[in-house]
Each structure stands twice: as structure tokens, then as C-alpha cells.
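Here are a few notes to read with the model open beside you. Take them in order, and look up each residue as you go.

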Amino acid sequence: QTRVARALHTGELVLHYQPKVNLRTGEILGLEALLRWQHPDQGLVGPQHVLPMIEDVELEVELGEWVLREALAQMRQWTGAGMLWDVSVNIAATHFHRANFVERLKDILLTCPEVSPSRLELEILESAALQDMQYMPHMMQNCQALGVRFALDDFGTGYSSLSYLKRLRADSIKIDQSFVQGILEDTDDLTLAGAIIALAGAFGRHVVAEGVETPEQAAKLLELGCERAQGFGIARPMPANEVLAWARDHAARHASQVVQVAAKRPASL
């Protein structure tokens with residue numbers, strides 16, 4: 001825990017960004033900010049090597065606020081380059097349950113007035129959201145009053161119900177990657193993914209598929225009615241300074257695919 005605190009204060013922690021795209025149009029919808037530790041001995045390691053080591057609530061809050069500030073500062077840079085991408089940030093349940101969370105969030109948003117709060121999305125695990133259904137809807141509403149949006153992460157892995165979804169007015173629902181990865185071979189995963197997509201549509205929420213790795217998975221998701229996705233098959237998480245080049249290459253690849261599809265169509269009479 002002391003080592004993580006030192007890493008935070010000495011600049012060893014960084015954010016990588018994983019794009020979210022529209023599978024049908026190729027449009028880049030935004031990016032998810034993901035924590036990485038540039039460890040001097042072990043190299044680049046993921047959050048599974050950082051977060052389990054944190055037991056101190058104050059350190060967890062400090063880390064969460066650092067991620068928010070870093071993400072907003074990066075969004076300000078991209079805004080200057082003409083890229084008005086949304087960015088989503090994962091928030092720990094203990095951080096979100098802080099009594100002053102909304103006030104602190106408001107102060108952090110004010111540090112980057114060039115970035116509209118509506119471009120920031122807070123992701124909270126479905127299981128964490130369901131722990132306190134008296135507290136969560138109220139706090140989400142207060143954050144949304146600032147303009148910030150919400151996503152329920154790993155949806156389908158907790159004890160979801162229609163009444164919970166009605167009360168938790170998240171803007172987006174993220175299908176857990178375990179369902180997406182089994183969507184072609186496991187009929188139960190296919191049924192669950194289809195049900196979540198239909199449920200999101202019925203409640204007027206966006207749905208995002210996590211963990212898309214192959215064109216076949218993407219095609220099946222489109223068939224089910226899910227157009228938004230992220231995963232290694234689209235792009236791996238990357239440092240912020242690589243995102244603009246990836247976006248240019250992605251746009252060029254998609255334009256090429258559109259031309260190829262159009263060339264294969266028979267001429268209209």
C-alpha cells in the first residue's frame with residue numbers, strides 16, 4: 001500500500017485509453033480510461049496489480065480523484081485538437097460513497113471548464129450499485145445534475161432486476177465480456193446478451209459490449225441490435241499520445257472497407 005502511494009506521488013501511475021466504437025458506422029464514440037502502473041522493475045502492469053493492494057479508503061479516494069483529473073486534462077488536450085470524445089472513468093464503490101463525492105466532483109470538473117461535463121461518464125460495477133439502493137439512485141441523480149453521465153459496468157453478473165434498472169437511471173449498460181466471449185458457442189451467453197440488449201432498448205439506455213475480439217462476435221452483436229462495443233478486436237488500451245494516430249488509421253480502414261463493400265454491390269437499374 002505504501003508502494004502504491006509512492007507510485008501515485010512520483011508519477012509512476014498512468015492512464016491508457018481503450019476506444020469504444022460504433023460497429024456499424026466505425027464512428028469513435030469515446031474511450032475508457034484504464035489505470036496502469038509503469039513499475040520500475042516489473043514494467044507496465046494493470047489495475048489487478050494495484051487496486052487489491054489498497055485497503056486504505058483515503059488512498060483509494062486520492063487515486064480515484066487523480067484518475068478523474070488526469071482524464072479531464074487529457075480530454076482538454078483532445079478538445080484542443082478538435083476531438084470531442086467522451087471518456088469514461090471507473091469509480092470504486094467506497095469512493096462513490098464518500099459524503100462529499102458530489103462536491104469534490106464539481107470542483108474537479110471546474111478545473112477543466114473547456115470540457116463539457118456531459119462528456120464524462122462514470123462507470124460503476126453493477127454489483128456495487130446494488131449494494132445500497134437507498135443511496136445510489138440519489139447520488140447518481142446529484143451527479144447527473146452536474147451534467148455527468150453514468151454506466152453500469154459488468155451488467156448481468158450481479159442480481160439485476162427490472163425494478164433496480166428502473167431506479168438506477170444510468171445512461172449506458174455494459175454487457176460483461178464473459179457473455180460476449182461466449183456469444184458464438186454458448187447458447188446461454190447468447191440468450192443473456194440478447195436479453196440485456198433488449199432490456200436496454202426497452203428502458204431507453206445505450207448498451208455497450210465489452211471484450212469484443214473477433215469480427216464474428218461483432219457481426220453477432222449487430223444481429224442482436226448492439227452497435228456499441230470495445231475490446232481487443234477493435235483496439236487494445238493505449239497511451240494517450242497514441243490515440244490520435246490510431247483514430248486516423250481507424251478512420252482510413254473503415255473508409256476503405258466502405259469503398260470495398262460499395263464496389264461489390266451490383267449497379268442499380
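1. Some ground rules. This is a predicted model, so local features need pLDDT of at least 70 and side-chain atom pairs count only at pLDDT 80 or more, while totals for chains, interfaces and linings use all residues. Numbering starts from 1 along each chain as its sequence is written, and side-chain values use heavy atoms, with hydrogens and water left out.

2. Salt bridges overall. How many salt bridges does a search of the whole structure find? The search gives 13, a salt bridge being a side-chain nitrogen of Lys or Arg within 4 Å of a carboxyl oxygen of Asp or Glu.

3. R24 and E227. These two form a salt bridge, with the closest N and O atoms 2.8 Å apart. The pair links distant parts of the chain, 203 residues apart: R24 is in the loop between β1 (13-22) and β2, and E227 in the loop between α10 (215-224) and β9 (228-229). Helices (H or I, at least four residues) and strands (E, at least two) are DSSP runs, numbered from the N terminus. R24 is partly exposed at 48% relative accessibility, and E227 is partly exposed at 30%. The cut-offs are under 20% relative accessible area for buried, over 50% for exposed, and in between for partly exposed (1.4 Å probe, protein chains only).

4. K174 and E32. Here the closest N and O atoms of the salt bridge are 3.1 Å apart. K174 lies in strand β7 (residues 172-175) and E32 in strand β2, so the pair ties together parts 142 residues apart in sequence. Are K174 and E32 buried or exposed? Both are buried.

5. E65 and R104. Their salt bridge has its closest N and O atoms 2.7 Å apart. E65 sits in helix α2 and R104 in helix α4 (residues 101-110), so parts 39 residues apart in sequence are tied together. E65 is buried, with a relative accessible area of 10%, whereas R104 is partly exposed at 31%.

6. Aromatic rings. Rings of Phe, Tyr and Trp (its six-membered ring) pair if their centres lie within 6.5 Å; planes under 30 degrees apart count as stacked, over 60 as edge-to-face and the rest as tilted. By this rule there are four aromatic pairs. One of them, W78 with W85, is edge-to-face, at 5.4 Å centre to centre and 75° between the planes.

7. F96 and F150. This aromatic pair is edge-to-face as well, at 5.6 Å centre to centre with 75° between the planes. F96 is in helix α3 (residues 93-96) and F150 in strand β6 (residues 149-155), so the pair ties together parts that are 54 residues apart in sequence. F96 is buried at 0% relative accessibility, and F150 is buried at 1%.

8. The lining of the largest pocket. β2 supplies the largest share, five residues. The lining residues divide into 15 nonpolar, 12 polar and nine charged. For those classes, Ala, Val, Leu, Ile, Met, Phe, Trp, Tyr, Cys and Pro count as nonpolar, Asp, Glu, Lys and Arg as charged, and the others, Gly among them, as polar.
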